[in-house]
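Biologist: I'm new to this one. Can you walk me through it?

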Amino acid sequence: MIDATVPALSLGALLAVVQIGSIAVAARRLGRDHGPSRFPDGAPVSLVRPLRGVEAYSEEMLLRSFRLDYPSYELIFCVADPADPIVPMVERLIEAHPHVPARLILGDERVSANPKLNNCLRGWRAAAHDWVVLADSNVAMPPDYLQRLQAAWRADTGLVCSTPAGARPGSFMAEVECAFLNTLQARWQYAAEAFGLGFAQGKSMLWHKPFLEAQGGLQALAAEIAEDAAATKLVRAAGKRVHLVASPFEQPLGPRGFREVWSRQLRWARLRRVTFPLFFAPEIGSGVLLPALLVALWAGSLAGLAGAAGLAALCYAAEHRLAARAGWHRSPRTLAAFLARDALIPAIWVGAWMRSAIVWRGNAMDVRPRRAADARTYAPTA
């Protein structure tokens with residue numbers, strides 16, 4: 001009988017090289033702008049923020065919109081429901097900052113099954129400038145937010161975006177979400193961009209409005225259930241690239257429970273599975289714990305178990321080092337958060353293949369491609 005220890009540890013070493021290699025590539029990419037920006041110096045910008053409901057840090061996040069250190073920009077807040085409790089807060093902040101051109105647009109246009117896209121459409125049309133940023137309500141904008149987006153614009157750019165960096169976790173499960181967002185998802189996204197495979201993230205998007213209008217306008221992003229997936233495909237089809245900011249913007253998390261983290265990660269996984277199935281398929285091995293356990297079981301020996309544990313420790317140490325280098329959240333519970341995250345990855349991956357329905361902020365959505373989905377999931381008005 002052939003001893004399985006050597007081939008098992010060889011596989012483990014290969015997996016570790018892939019993990020640590022992606023961490024090294026992401027670490028080299030983070031914090032650096034590659035080449036001079038081609039963004040027109042001082043060009044005016046329209047900043048569109050879709051809103052729904054009051055969240056833990058809503059007032060702080062909205063207030064940051066008015067405190068950007070940029071010479072010429074306008075703010076457009078979009079709220080689908082006029083009775084939304086966020087409306088009085090927005091109106092109060094607009095009144096308190098008369099020096100910043102800002103307005104609130106109420107009501108959406110249902111051109112897709114994506115409520116966020118529907119909510120943004122009127123704001124996009126109302127934008128007065130050729131450069132438009134679409135930014136989620138929970139993006140923590142630093143004073144140089146617009147400059148950092150613009151710095152990533154190149155001659156071949158079709159879109160600049162930023163993945164969220166989880167910050168200020170208020171519970172252990174929020175730390176697990178930081179582990180998902182930062183040293184896993186952001187790491188792989190920056191590594192992919194370094195190899196020319198950049199893909200969009202809907203948290204912050206800088207568009208050149210004439211470019212997107214020439215491709216069908218914002219409503220063209222209704223081609224996929226997720227606007228960032230549609231944006232990626234649209235930009236690539238136009239012969240352009242998606243570029244990332246040098247360092248991602250933070251998203252404060254606050255306290256989060258297991259169900260909230262599970263449902264959010266499962267929703268995103270289902271969206272990735274539908275929109276990019278070939279890239280989603282290997283995600284089951286994107287963490288460290290499952291590959292290490294499989295190597296240990298295959299080896300079936302004490303040496304194999306020790307080797308797998310050593311490889312896992314090496315990978316987790318590299319992840320922690322990446323978080324430290326990038327300035328991302330770390331705490332005494334970070335290693336436990338890594339382990340919990342990696343224990344969830346196989347279950348999330350399986351769950352993503354089992355169903356095609358998601359719930360996003362109370363909206364039931366079928367994430368199958370439109371040709372297969374029930375046309376009644378949305379009612380176009382334009």
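Predicted model: local features only at pLDDT ≥ 70, side-chain atom pairs only at ≥ 80, totals over all residues.

Biologist: Fine. How many strands form the sheet, and in what order?

Modeller: Seven strands form an open sheet. The order is S3-S2-S1-S4-S7-S5-S8, with mixed pairing.

Biologist: Which are the edge strands?

Modeller: Strand S3 (102-106) and strand S8 (241-244). Each pairs on one side only. From one strand to the next, the twist averages 25°.

Biologist: What does "mixed" rest on?

Modeller: In general, strands of a sheet pair through backbone hydrogen bonds, either parallel or antiparallel. Here, S1 (residues 45-51) and S4 run parallel, joined by four bridges. Leu 47 has Val 133 in S4 as its bridge partner. S4 (residues 131-135) and S7 run antiparallel, with five bridges between them.

Biologist: Let's stay on S7. Is it mostly covered or mostly open?

Modeller: Mostly covered. S7 spans residues 204-208, and four of its five residues are buried.

Biologist: Which residues of S7 partner Ala 135 and Cys 161?

Modeller: Ala 135 has Ser 204 as its bridge partner. For Cys 161, the partner is Met 205. Three bridges join S5 (residues 157-162) to S7, and that pair runs antiparallel.

Biologist: Now a single residue. Where is Val 132 found?

Modeller: In strand S4. Val 132 has 0% relative accessibility, so it counts as buried.

Biologist: What does Val 132 touch?

Modeller: Leaving out residues up to four places away in sequence, its contacts include Ser 46, Val 48, Trp 124, Met 205 and Trp 207. Val 45 is 87 residues from Val 132 in sequence, yet their C-alpha atoms are 5.7 Å apart.

Biologist: New topic. How many salt bridges does the structure hold?

Modeller: It holds 22. One of them pairs Glu 74 with Arg 103, with the closest N and O atoms 3.3 Å apart. Glu 74 lies in strand S2 (residues 73-79) and Arg 103 in strand S3, so the pair ties together parts 29 residues apart in sequence.

Biologist: Are those two buried or exposed?

Modeller: Glu 74 is buried, at 9% relative accessible area. Arg 103 is partly exposed, at 34%.

Biologist: Which residues do shared partners join into one network?

Modeller: Lys 116, Asp 136, Lys 203 and Glu 227.

Technical notes:
Residues numbered from 1 in each chain as written. Heavy atoms only, no water. Buried < 20%, exposed > 50% of the residue type's maximum accessible area, 1.4 Å probe, protein only. Helix = DSSP H or I, 4+ residues; strand = E, 2+ residues; numbered from the N terminus. Pairing = 2+ DSSP bridges. Contact = heavy atoms within 4.5 Å. Axes fitted to C-alpha atoms, helices over the stretch in contact; angles between N-to-C directions. Salt bridge = Lys/Arg side-chain N within 4 Å of Asp/Glu carboxyl O.
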